[in-house]
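The entries follow in the order I looked things up.

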Amino acid sequence: MNVVARVAVSAARRAYDCYRYYFYWRAQEKMYRRWSSEQLKAAQWETFRRLLGFAYERIPFYQDKFSKAGVTPEGIRTPEDLLRIPVLTKDEIRQNFPDRLVEGNRRFHPFQIGQTSGSTGESLHFVRPETGWHRTIGYSVLLRTGRVANIPVVSLTTPQCTAASCSLHDQEGAHGVGLGKCQKVWFLRHLDQVVELPSSESILCAPSRYMEQLVGVISYLAPCILYGDPVYLGSLALYLKKARKPIPEVRCIVTSFELLTGSLRDRLRDVFGCDVYTQYGASEVSDIANECEHHRLHVRANIVMVEAIRHGVPAKPGEIGRAVVTDLENYNMPLIRYDIGDLIEVGNGPCPCGRNTDVIEQVHGRARDVITPAGADKGRALTPLQVDEVFRGLGGIAAYRLVQRSENQYDITIMRDGLPDNFDSRTLEGRCRAMFGQGSHFNITSVDEIKPERSKKYRFVYSQVSAGAV
Amino acid sequence: MFDVAAIRKEFPALQRQLSGRPVIFADNASTSLKPLCVIQAVDYYYRHLCANVHRGVNVLAQEVDTLYEDARGSIASLIHARPAEIVFVRNTTEGINLAAHLLGLTKQDDIVCSLAEHHSNFLPWLARANVRCVVPDDQGRVTPRAFLEAATPKTKLFALGHVSNVTGIVSPVAEIIQEARKRGILTLVDAAQSVTHMPLDVKALGCDFLAFSGHKMLGPSGIGVLWAREEFLQSRLPMLFGGGMVSSVSADRFQVQPPPHGFEAGTPNIEGTLGMGAAAEFLMGLGMDNVRQQSRRLAEALVSQVASVSGLRAFPQNSPGDRVPIVSFAVGSMSPDDAAAILCNRYNIMVRSGVHCAEPLVRHFGQKGLVRVSLCLYNTVEEIEYIAESLSALCSVLA
């Protein structure tokens, strides 16, 4: 086949994919609005029971696990029975993958092997059905723009996630491109939604030359939506502000991959002058929930079932619990009641946006990063999202790291943003005392760089004392 | 009688368990585990000696001098060399670089080596001279004839890997060296992968240089050996200059010590040397012929077990003949890193994935990377069977 024919076939395939997913997401959107909450839950429950029966029958790991727990699919009749099913842990996946967890003949049930970025500690291998690898941001795009085709999206995230999503998106038309090559891919704007920008190993200290090129490419591609890791996008925003560069006009910003904190949301909103939404997902489960125009996260009820578990029982609305997720689409490697390692706050009541799915009020970060202050506040767990409130609105901070060294001893490392705003350590200390208790001691230092974890993601808050207190 | 069970007790790392199950260490081509005697030798130095070598007259320093030279003697015995020909370096890489330095190569000189070489026996030549590569045949083997055909009148040296760290195939180095000598071409043997698996006799081989590392022969890391014919050591200037390698220094001249000390500038890796000496004694205590038999037994079992797993593609696919227990393969369409990580997480099998510092060979096989299982004398046939079962399970689901 000559080059022209090859390009034409590729373009046609991408266009077909684009519209295929567009209709899929459109139908899903209608379902979320037209079906009542009860109808959605009933359909979700039926799908769950089907998956449960399948796992019990076909997956050796679940056969053993359920037998030990005395669980049979027939015994799980109502959602209240869910708690009888033991939670699936990451360690269990690691120790049983693939032979005891993966089902099926690849020829008849095609799947892809994936690997998590390792942001919750250690990386994890998993498989997902090939058909389940929807371009996850497509739905977000649809929500924000009402369209999918010909809506250019530019994505910026960690090197690992860029590599993973590039290979993931290869089938569906997205491209990881080198900055130098961006000039040659102008046509991508008309064929694809996602242009993956090359990442940086340490975005908080990325050289200005890299940032300049990044801004150049974004301006050139003129995306409607800027998508990516909030820390990466936040660094880009800071650079634009510091360098007084013209701000690329985008319709909105959608973040994923990592926790979108209040301070990062503020920064992105201030610099780009547009709304900021988050999309909650995980590599092994795909897209879990999307933030609506009222800034509440709607669970994708037809794809996942989400529980928030607090001290072994379902969290009540307004409470924070560990996210326990069941992937309803993955029959190749069923993830049933999988403890994903995150903390979520359960939403309450119907959302004014009109979607009737379950609502997550906020994602609070990783369970292992919870801080438990001493003294009068003993037993109270502070999530990374809550801790971020201490830093929110304080000038002069590009990034911070708060580490609880002992019960009442905290190390706070500040990376200054280089802007004229003054950084006031006394205000910070006062706020910290209010949050962590009057008897707490804070060692505040300034550094030139905060280094990322091995996964190249950043861990801004963690405790060396407590672990997963929720 | 080679009592593997008794030998395994000498290796504390083999007692390690992960998730309540024993660890199968199958990454010995990267580095080997260390027996108690090696650990004790290093420990003894730190606990009881900790003096510098060849510098003092105090009791501790004298004891270190004795142990250090004893270690040199042990290592010399292992390869049937004279202690004066043993130069301590950091590793095989440094040894080969030192040999390249001693030869005083220029871009006018030709070096012939195999495409299967480790980067350590490829880049030192590529950086200094004109390299001519011999491509292994379909069975992954190189022949003396192929080397001679690649040689030109400008060829100064044949750089020979004794055992490929990717395929485990043993090259016919003795025959190649014999042919090289007839034509006045020098030879260097990279023995990094062979020293733990077979007896080595530099005199019988007839090579001019031979290099190997301590950490791959049950010894500590950061210590290795370059054996060179004395004539090269006597007539060439060292690569490094500094303390401990001179007999006299004045404002405008210096006198280099006779080899090997003239080539060991600065304080050496004393504890590493003592550990390497202990490793050499350990191997000789087992009997290198016994070690070779065990290596052959493991290689045979490993090659046949890997061949029996459907979904694996070994490189080369069919290679009868002499091998050590090292096999590299592709696991279906899986990335080698994924396969290696799953083998570790699920089955506690430690293997290596990637290009194994032999990128030209892996590319020659048409692969971006391979999974490598490499065994040592303390591995068992039962472990090989477990590895094969695990690979079968992996392939049946994912490959």
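Before judging burial, I noted the cut-off: a residue is buried if 20 or more other C-beta atoms lie within 10 Å of its own. The model is predicted, and I read every entry below with that in mind.

Entry one, helix α4 of chain B. I checked how enclosed this helix is. By the cut-off, 11 of the 12 residues of α4(B) are buried, so the rest of the structure largely encloses this helix. I listed the buried residues, among them B:Thr92, B:Glu94, B:Ile96, B:Asn97, B:Leu102 and B:Leu103.

I found 10 residues of chain A in contact with 11 residues of chain B. On the side of chain A that touches chain B, α4 (90–96) and β1 (111–115) each supply at least two residues. The most comes from α4(A), with three residues. I sorted the residues of this side of chain A into four nonpolar, four polar and two charged.

I counted 12 helices and 19 strands in chain A. Of its 470 residues, 44% count as buried. I also looked at contacts in chain A between residues at least 6 apart in sequence: 66% of them join residues at least 24 apart.

Technical notes: Residues are numbered from 1 along each chain as its sequence is written. Chains are lettered from A and ligands numbered from 1 in the order in which they are written. This is a predicted model: local features need pLDDT of at least 70, side-chain atom pairs count only at pLDDT 80 or more; totals for chains, interfaces and linings use all residues. Helices (H or I, at least four residues) and strands (E, at least two) are DSSP runs, numbered from the N terminus. Two residues are in contact if their C-beta atoms, placed from the backbone, lie within 7 Å. Ala, Val, Leu, Ile, Met, Phe, Trp, Tyr, Cys and Pro count as nonpolar, Asp, Glu, Lys and Arg as charged, and the others, Gly among them, as polar.
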